[in-house]
Amino acid sequence: MQKKMPTSVIRRDLVPFTAIFASLIGAALIGDYLLHQQDIVWLGRYLGIPGTLLILGSLVYSLRKRKVITSGNPGTLLRWHEFMAWLGSMLVLVHAGIHFNALLPWLAVVGMLVNVASGLTGKYLLQRARRRLLAAKATLQQGGRSEAEIEQAVFWDAIAVDAMMKWRAVHFPVAFLFGALAAGHVLGIFTFWGWR
């Protein structure tokens with residue numbers, strides 16, 4: 001019989017992940033609420049522009065990681081990637097508001113949220129969980145446990161790490177889908193804005 005999932009994994013890995021994702025949603029709701037309270041809802045229409053620019057700017061890290069560009073410290077660029085993507089996503093969520101005007105923008109928002117969640121999975125869950133799994137196995141080996149005992153002891157952590165290692169299979173295609181949907185939304189805005 002397998003042991004229950006340890007609460008330490010939930011407390012140390014799942015709670016921070018959930019808190020950061022919830023803070024994104026909460027900040028967007030507060031921003032939208034404040035726009036309504038100050039009677040400047042029209043401003044939300046324009047927050048999609050800096051939000052999109054921040055998200056596009058966050059892609060510098062991806063370009064550096066794939067060696068398309070060679071300048072910049074990868075660690076520093078990763079931190080900027082995370083900050084700019086979070087802030088840009090929050091602005092886009094405030095831009096979207098709680099309005100159901102058209103399908104394409106909402107598909108883009110859903111794609112963006114899935115992309116943010118998959119990025120957070122890679123950042124906060126996978127790295128920590130992988131380190132903890134390896135450390136737990138090493139500790140158990142030093143304690144003289146057999147391979148079967150070690151595998152049983154770390155069963156739930158190993159399952160979680162295996163599932164999270166597939167995050168890139170979600171993150172990159174969803175990023176491209178989000179980009180395509182966002183581009184379609186922007187193109188639609190330029191086409192139907194009513195420029196005068």
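A nonpolar core, as the term is used in these legends, is a set of buried Ala, Val, Leu, Ile, Met, Phe, Trp, Tyr and Cys residues joined through side-chain atoms within 4.5 Å. Buried means under 20% relative accessible area, exposed means over 50%, and partly exposed lies in between, with a 1.4 Å probe and protein chains only. The structure shown is a predicted model, in which local features need pLDDT of at least 70 and side-chain atom pairs count only at pLDDT 80 or more, whereas totals for chains, interfaces and linings use all residues. Residues are numbered from 1 along each chain as its sequence is written, and side-chain values use heavy atoms, with hydrogens and water left out.

**View 1. The nonpolar cores of the chain.** In the largest nonpolar core, which has 20 residues, Leu24, Met90, Leu93, Val94 and Met112 touch the most other members. Helices H1 (7-37), H2 (41-58), H4 (74-96), H5 (103-142) and H8 each supply at least two residues of this core, helices here being DSSP runs of H or I with at least four residues, and strands runs of E with at least two, numbered from the N terminus. Apart from this core lies another, of 10 residues, among them Leu126, Leu133, Ala153 and Val161.

View 2. Val94, in helix H4, counts as buried at 5% relative accessibility. When neighbours within four places in sequence are left aside, Val94 is in contact (heavy atoms within 4.5 Å) with Ala28, Gly31, Asp32, Leu35 and Leu47. The C-alpha atoms of Val94 and Tyr33 are separated by 9.0 Å, although these residues are 61 residues apart along the chain.

**View 3. Helix H8.** Helix H8 comprises the 26 residues 167-192, and at 1.5 Å a residue it should span 38 Å, a value that agrees with the 37 Å between its end C-alpha atoms; the expected span is 1.5 Å times one less than the number of residues. Within H8, the residues Trp167, His171, Val174, Phe178, Leu181 and Ala182 are buried. An α-helix has 3.6 residues a turn, so residues three or four places apart point the same way.

**View 4. A nonpolar patch on the surface.** Trp42, Leu43, Tyr46, Ile49, Leu53, Leu56, Leu59, Ile189 and Trp193 form a nonpolar patch on the surface, and together they have about 860 Å² of accessible area. Such a patch is made of residues with over 30% relative accessible area and no salt bridge, its nonpolar side chains (Val, Leu, Ile, Met, Phe, Trp, Tyr) being joined within 5 Å, while in patches of charge like charges are joined within 9 Å. Accessible areas come from the Shrake-Rupley method with a 1.4 Å probe, and for residues only the protein chains shown count as cover. Helix H2 gives the most to the patch, with six residues. Tyr46, which has its place in H2, is partly exposed, with a relative accessible area of 35%. Pro50 is also placed in H2 and counts as partly exposed at 32% relative accessibility; the C-alpha atoms of Pro50 and Leu87, 37 residues apart along the chain, are separated by 9.5 Å.

**View 5. The salt bridge between Glu151 and Lys137.** A search of the whole structure finds one salt bridge, defined as a side-chain nitrogen of Lys or Arg within 4 Å of a carboxyl oxygen of Asp or Glu. Glu151 forms this salt bridge with Lys137, and the closest N and O atoms are 3.9 Å apart. Glu151 lies in helix H6 (residues 147-153) and Lys137 in helix H5, so the pair ties together parts that are 14 residues apart in sequence. Glu151 counts as partly exposed at 40% relative accessibility, and Lys137 is partly exposed with a relative accessible area of 25%.

**View 6. Loop residues with positive phi.** Asp39, in the loop between H1 and H2, has a phi near 55 degrees, a positive value in a residue other than glycine, and is exposed, with a relative accessible area of 64%. Lys67, in the loop between helix H3 (60-65) and H4, has a positive phi of about 60 degrees although it is not a glycine, and counts as exposed at 64% relative accessibility.
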